[in-house]
Amino acid sequence: MSLTQLARTKVQELTPYQSARRIGGQGHIWLNANEAADSGQFSLNCERLNRYPECQPPQVIERYAAYAGVNPERVLVSRGGDEGIELLIRTFCEPGSDRILITSPTYGMYAISAETNGVQVVDVPLTQARQPDFDGIIARLDEVKIVFLCSPNNPTGDLVDKAGLVRLLKAAQDKALVVVDEAYIEFCPAHSQVDLLNDYNNLVIIRTLSKAFGLAGIRCGFTLASPEVIGLLLKVIAPYPVAEPVAQIAAQALSEEGLLLMRQRVEEINRLKTELTEQLQKHAQVKEVFAPNGNYLLVRFTPGSEIFARMSRAGIILRDFATRPGLADCIRITIGSRAEMDAVLDVLHKEQ
Ligand SMILES: *Cc1c(COP(=O)(O)O)cnc(C)c1O
């Protein structure tokens, strides 16, 4: 008998998540994982590394709460936003019987986390206007424990409509959690749904330091929710999810100076994004540039495969979404440094 047969049947059936990092590729310009082009400088105090860290480092919680404009009781810090997503599933969904709802095309980790935990996935695809199909979702609320929305949506960039979200929150009261994943909200902060937390105890917001804060490497994310939901997640979370060096760096990133640097990075990325959008819209092989609300642009080329291969030959690694329903010929380009954006435009313009 092979050890594979010892593993849970569900696990035997899984294929590992095809993250940007795992797919990889040959190249020197990495624009496939929505990472920032720089991280900034941080200092470490190594005097207390002999001690286990705090489960929820107070300074990190307090600073994130102040930054997000919520009470610290509403904040949970975890190993990236991804751990927040998984904790929600493990806390609220009974393996084998409960389900989550996703709105494809969207971020892959909701379905991956569900499947690795034996939880089924109901898909209510986005509408033609790329909004959640709120009527379609409301019709299926009795079947699901958690609804995952993403705003700005990865990869399409669209924002969730507030009136629709409020309608869903009301319909889902006492039935299901509604998660709004705001991993990219720093690039369009006026569109956060955080103000709804006070009125709806079934609303959960996911945040991260991986994107606008430029800290994907430290694995630090946040879940914002009612104190009741946070209390439940704290029953399930590991005792030491946030390593001491991570807590120190996160606290510095959330200091006044850190926030200033983050906002400057966002301004630069948004400027480069606008410039790239203008250039792309003039290009003969560009059919559509999707909503520019994150640190990336989803672009429909004619044909996508040819552009992807051309970029790849030039050492530029992008993320191909062509196989996803509705996203034929679509490629996602992370907004990197000015030099990296110039390299992209060079390839586009040279070999037309
Ligand atoms: C990047 C991302 C996250 C979380 O990433 P972490 O690195 O785990 O914090 C969550 N949701 C979306 C949509 C993302 O793109």
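Colleague: Which side chain does the side chain of Lys211 join in a polar contact?

Modeller: Tyr184, at 3.2 Å. Keep in mind that this is a predicted model.

Colleague: What does UniProt say about Lys211?

Modeller: The unreviewed entry annotates Lys211 as "modified residue: N6-(pyridoxal phosphate)lysine".

Colleague: Where is Lys211 placed?

Modeller: In the loop between β7 (203–208) and β8 (221–224).

Colleague: Is Lys211 buried or exposed?

Modeller: Buried, because its relative accessibility is 13%, under the 20% cut-off.

Colleague: And which residues does Lys211 touch, leaving out those up to four places away in sequence?

Modeller: Ala33, Asn34, Ala36, Ala183, Tyr184, Phe187 and Asn295.

Colleague: Back to Tyr184. What joins the side chains of Asn154 and Tyr184?

Modeller: A polar contact of 3.4 Å. Asn154 also makes a side-chain polar contact with Arg332, at 2.8 Å.

Colleague: Where is Asn154 in the chain?

Modeller: In the loop between β5 (146–150) and α8 (162–172). Asn154 counts as buried, at 6% relative accessibility. Leaving out residues up to four places away in sequence, Asn154 touches Asn34, Pro105, Thr106, Tyr107, Tyr184, Tyr296 and Arg332.

Colleague: Let's switch to Arg265. Which helix does Arg265 lie in?

Modeller: Helix α11. Arg265 is buried, with a relative accessible area of 11%.

Colleague: What does Arg265 touch, again not counting residues up to four places away?

Modeller: Ala36, Asp38, Ser39, Gly40, Ala212, Phe213 and Gly214.

Colleague: Staying with α11, how do the axes of α11 and α13 cross?

Modeller: At roughly 5°, and the axes come within 11 Å. That angle makes α11 (residues 256–281) roughly parallel to α13 (residues 338–350).

Colleague: Which residues in α11 and α13 meet?

Modeller: From α11, Leu272, Glu275, Leu276, Gln279 and Leu280. They meet Arg338, Met341, Leu345, Leu348 and His349 in α13.

Colleague: New topic, α12. Which residues in α12 are buried?

Modeller: Gly304, Ile307, Arg310 and Met311, in a helix that runs over residues 304–313. They are on the same side of α12, because they cover an arc of only 130° around the axis.

Colleague: What do the buried residues of α12 pack against?

Modeller: β10 (296–301), β11 (316–317), β13 (330–334) and α13. The face turned away from the buried side carries the exposed Ser305 and Arg313.

Colleague: Last one. Which domain feature does UniProt place at residues 39–348?

Modeller: "Aminotransferase class I/classII large", from the unreviewed entry. Over residues 39–348 the chain is 37% helix and 16% strand. The end C-alpha atoms of that stretch are 28 Å apart.

Note on methods: Residues numbered from 1 in each chain as written. Predicted model: local features only at pLDDT ≥ 70, side-chain atom pairs only at ≥ 80, totals over all residues. Heavy atoms only, no water. UniProt positions renumbered as here; feature names shortened; annotations may be inferred. Helix = DSSP H or I, 4+ residues; strand = E, 2+ residues; numbered from the N terminus. Buried < 20%, exposed > 50% of the residue type's maximum accessible area, 1.4 Å probe, protein only. Contact = heavy atoms within 4.5 Å. Polar contact = N/O pair within 3.5 Å; in protein donor to acceptor, adjacent residues only side chain to side chain. Axes fitted to C-alpha atoms, helices over the stretch in contact; angles between N-to-C directions. Parallel < 35°, antiparallel > 145°, perpendicular 65-115°, else oblique. Arc of directions from axis to C-beta.
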